2 protein chains.
Amino acid sequence: MTISRADCVALDADDPLKHLRDEFVLPEGKIYLAGNSLGAMPKAAAAATARVVEEWSGQLVGGWNASGWYGLPLTTGDRLAPLIGAGPGQVAVGDSTSIAVVKAVSAALGLRPERRVIISDLANFPTDRYMVQGLAKALGGYEIRDIGTLDDALADDVACVLLSEVDYRTGDRYDTAEVTARVQAAGALMIWDLCHSAGALQVDVSQADFAVGCTYKYLNGGPGSPAFVYVNPRHLGQAEQLLTGWYSHAEPFAFEPDHRPAEGIRRFLVSTPHVLSYAPLNAALDIWERVDLAQVRAKSVALTSLFIEVAEELCAPYGLTLVSSRDPERRGSQVSFSHPDGYPVIRALADRGVHGDFRAPDILRFGFAPLYIRFADVHDAAVSLAEVLGEELWRDERYQRRLAVT
Amino acid sequence: MTISRADCVALDADDPLKHLRDEFVLPEGKIYLAGNSLGAMPKAAAAATARVVEEWSGQLVGGWNASGWYGLPLTTGDRLAPLIGAGPGQVAVGDSTSIAVVKAVSAALGLRPERRVIISDLANFPTDRYMVQGLAKALGGYEIRDIGTLDDALADDVACVLLSEVDYRTGDRYDTAEVTARVQAAGALMIWDLCHSAGALQVDVSQADFAVGCTYKYLNGGPGSPAFVYVNPRHLGQAEQLLTGWYSHAEPFAFEPDHRPAEGIRRFLVSTPHVLSYAPLNAALDIWERVDLAQVRAKSVALTSLFIEVAEELCAPYGLTLVSSRDPERRGSQVSFSHPDGYPVIRALADRGVHGDFRAPDILRFGFAPLYIRFADVHDAAVSLAEVLGEELWRDERYQRRLAVT
């Protein structure tokens with residue numbers, strides 16, 4: 001093997017991010033490569049959550065002001081903004097990614113009233129597609145066009161394009177600057193879904209029109225932590241979104257009978273934030289505040305490249321096919337392989353303490369969170385993968401039966 | 001005074017719900033009459049929340065199955081259902097009340113496609129109105145009609161009527177059975193907002209078409225705890241709502257390209273639940289499970305009647321006007337008075353440890369949560385109100401200055 005485990009241990013010793021691993025609770029003796037599904041817990045999350053519970057019990061309704069609950073969607077948004085290349089007053093945190101899609105798409109449609117096509121992508125996580133379908137059906141008169149080749153899809157009837165920077169299945173990454181420029185040159189608006197890129201690489205939304213994303217994957221915000229929506233400042237005060245709840249009102253506490261939209265990013269809020277769910281996210285942002293995203297990206301590229309190299313070398317005889325791009329520029333912090341027996345392989349790997357996940361029909365998906373995954377972990381995971389495939393454990397009839405009942 | 005403090009203490013001793021007060025954290029030496037804004041914390045909420053944090057740290061992504069996170073919107077919905085007169089499989093818990101309004105109204109409009117009027121009410125909490133306004137504007141071709149007199153407003157062009165069972169300002173309560181019957185007789189669909197009634201009285205949604213509500217007021221779910229939507233079983237499988245996220249798909253984990261709606265109440269979910277925010281709510285539901293709502297309502301009527309009686313007797317000289325209905329049947333668990341100096345009065349009361357709240361222009365609002373408010377508290381609060389008004393503390397210039405800077 002070109003790269004030995006000892007080499008990996010040496011890489012870990014030189015890793016400028018190595019001190020961050022200690023900020024997270026990681027399962028003893030396991031290698032967690034599903035952080036692209038749900039990120040590991042910051043150690044500080046427990047105390048941060050307990051603090052909100054304490055605020056509630058002590059301050060009761062007074063906590064909305066005294067503990068800053070009311071402001072959470074925007075204070076958290078301002079903290080998250082630098083991680084996606086945005087500035088203050090451009091990001092609102094709340095609701096779910098699905099709801100954020102409706103905010104962004106409805107706002108985009110309003111800005112291009114004469115255009116009746118929304119471009120989506122089969123590579124989008126399905127909920128993005130579903131939300132657009134529900135919205136288009138309700139509004140009537142809209143066509144949803146699959147992207148195919150972007151140039152074929154882009155025409156002067158396209159209002160907006162919704163794409164995921166990183167494909168949740170393959171891990172492939174768009175050249176966002178190039179795509180954004182082409183979309184905007186065609187007169188359409190660009191909406192990026194950053195669920196699989198925020199916290200994994202140097203996202204730059206500054207040219208995008210809108211962006212949405214979740215905070216529970218690479219950003220470590222916890223199960224179902226609130227989502228975010230980014231609005232380019234050139235649209236603030238102009239764009240109107242459909243979900244005009246009281247938090248988006250110019251004066252929420254005036255209790256006026258009619259909606260009057262707030263001027264800034266507050267127009268992209270809906271209503272009362274799920275206060276508890278912001279606590280771990282803000283604990284995670286305390287860590288992210290100290291992180292250099294260039295180092296995160298460099299390590300991510302190194303981790304994913306290492307995994308591809310070692311896994312391909314060790315698993316060459318076993319029918320494993322790389323799905324992700326071989327070019328690190330075109331890849332997120334995730335490596336996907338296909339294998340006809342993908343599901344039992346992932347199960348057998350989990351039994352050996354290596355946690356990836358499976359996406360039908362045959363994809364093995366491994367996410368590498370640069371804040372806490374080590375080079376040695378990557379090496380060990382690739383070795384385990386080769387062992388599982390080599391021993392053909394998953395072909396064993398008793399093992400298959402055991403899988404069937406668990 | 002007809003009713004003495006000693007009488008109230010005796011009433012407390014006989015209160016069949018008195019043991020429940022011990023289940024909540026209540027501020028020492030304060031009388032918390034803003035539980036209709038944010039309910040007090042169940043003592044068990046802290047441990048319930050810590051447990052979810054523990055699940056996350058130990059199970060990571062496995063928690064979605066192992067700890068039942070995935071099922072939370074419906075398991076919590078089934079637990080909440082009996083509190084509003086619903087059955088299992090009829091209530092989905094998630095998102096916010098504002099989002100729930102969009103689910104219910106969009107579903108109702110879809111069931112009455114030929115009708116283009118939505119009746120709302122100035123007595124609705126503004127966000128309900130704002131959400132309907134945003135939806136109607138996006139859909140186009142809809143008229144929003146204020147209720148005025150229901151009979152005048154109801155015509156054969158009305159698709160649905162959205163009303164709050166209990167008015168957030170006045171505390172007045174609709175006769176839901178009677179109104180529902182009239183609305184449905186006119187061929188329209190009835191949607192009730194239960195924010196100020198769930199947990200305060202014996203809600204009965206069984207004849208309604210849809211209902212929505214929050215869980216952080218009388219239900220004690222915590223700041224920003226998830227909302228609920230009820231769908232009458234006759235509409236399940238028929239009604240379609242606009243926000244078609246992946247949790248509303250017939251097979252969420254099939255990751256199909258196109259949305260295919262789930263059959264049952266799952267169609268009214270959107271997406272990934274805010275897991276942490278369900279924990280205190282479920283701790284509260286552990287208490288609610290043991291509560292007889294008939295006793296809750298009886299105590300609520302007694303508490304509010306007592307407050308009106310004592311406050312009116314003691315404050316007779318001070319220009320206090322009852323806003324809430326004098327008929328307990330037409331009143332929620334809330335008493336509102338108006339007074340020209342409402343705001344400083346509420347502030348001065350808070351300084352004396354009695355927490356109500358103020359709603360412009362002149363309303364003093366007092367909520368009585370029957371699980372933990374005592375008759376003696378009600379008596380003391382009325383006495384404090386009289387003292388504040390009597391001493392005219394709020395007219396004192398220095399006091400006014402102090403209010404202005406805090």
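## A strand between two partners in chain B

In chain B, strand E4 (residues 91-93) and strand E10 run antiparallel and are joined by 3 bridges, where strands are DSSP runs of at least two residues, helices are DSSP runs (H or I) of at least four, and both are numbered from the N terminus. Two strands are said to pair if DSSP finds at least two bridges between them. Strand E9 (residues 210-213) of chain B also pairs with E10(B) in the antiparallel sense, over 4 bridges. B:Tyr230 of E10(B) stands opposite B:Val91, and B:Ala211 likewise stands opposite B:Tyr230.

In a regular strand the side chains alternate between the two faces of the sheet. In strand E10 (residues 228-231) of chain B, B:Phe228 and B:Tyr230 lie on one side, B:Val229 and B:Val231 lie on the other, and all of these are buried, so that both faces are covered. Here buried means under 20% relative accessible area, exposed means over 50%, and partly exposed lies in between, with a 1.4 Å probe and protein chains only.

## How the model is read

This is a predicted model, in which local features need pLDDT of at least 70 and side-chain atom pairs count only at pLDDT 80 or more, while totals for chains, interfaces and linings use all residues. Residues are numbered from 1 along each chain as its sequence is written, chains are lettered from A and ligands numbered from 1 in the order in which they are written, and side-chain values use heavy atoms, with hydrogens and water left out.

## The contact between the chains

The contact between the chains, meaning heavy atoms within 4.5 Å, takes 69 residues from chain A and 69 residues from chain B. The area buried between chain A and chain B is about 5,700 Å², and carbon and sulfur atoms give 70% of this area; buried area is the accessible area (1.4 Å probe) that two parts lose on being put together, summed over both. On the side of chain A, the residues that lose the most area to chain B are A:Trp56, A:Tyr130 and A:His274, which together account for 14% of what that side buries.

Between chain A and chain B there are 33 residue pairs in polar contact, both residues being at pLDDT 80 or more. A polar contact is a pair of N or O atoms within 3.5 Å; within protein, one must be able to donate a hydrogen and the other to accept it, and residues adjacent in sequence count only if both atoms are side-chain atoms. Helix H6 of chain A gives the largest share of the side of chain A that touches chain B, with 11 residues. The residues of that side of chain A divide into 40 nonpolar, 22 polar and 7 charged, where Ala, Val, Leu, Ile, Met, Phe, Trp, Tyr, Cys and Pro count as nonpolar, Asp, Glu, Lys and Arg as charged, and the others, Gly among them, as polar.

## Salt bridges

A salt bridge is a side-chain nitrogen of Lys or Arg within 4 Å of a carboxyl oxygen of Asp or Glu. Over all chains, a search of the whole structure finds 52 salt bridges, and across the interface of chain A and chain B the rule finds 4. A:Arg129 and B:Asp258 meet in a salt bridge at 3.9 Å, N to O.

Within chain A, the side chains of A:Asp377 and A:Arg21 form a salt bridge at 3.5 Å, N to O. A:Asp377 lies in helix H12 (residues 375-391) and A:Arg21 in the loop between helix H1 (5-14) and strand E1 (24-25), so the pair ties together parts that are 356 residues apart in sequence. A:Asp377 is buried at 5% relative accessibility, whereas A:Arg21 is partly exposed at 24%. In chain B, B:Arg365 forms a salt bridge with B:Asp357, with the closest N and O atoms 2.9 Å apart, and both residues are buried.

## Backbone features

Most residues other than glycine have a negative phi, and most peptide bonds are trans. A:Leu60, although not a glycine, has a positive phi of about 50 degrees; A:Leu60 lies in the loop between helix H2 (44-59) and helix H3 (63-66) of chain A and is buried at 2% relative accessibility. For B:Leu60 phi is also positive, near 50 degrees, and B:Leu60 is buried at 3% relative accessibility.

A cis peptide bond joins A:Ala360 and A:Pro361, with omega about 5 degrees, and A:Pro361 lies in the loop between strand E14 (357-359) and strand E15 (363-367) of chain A. In chain B, the peptide bond from B:Ala360 to B:Pro361 is cis, with omega near 5 degrees.
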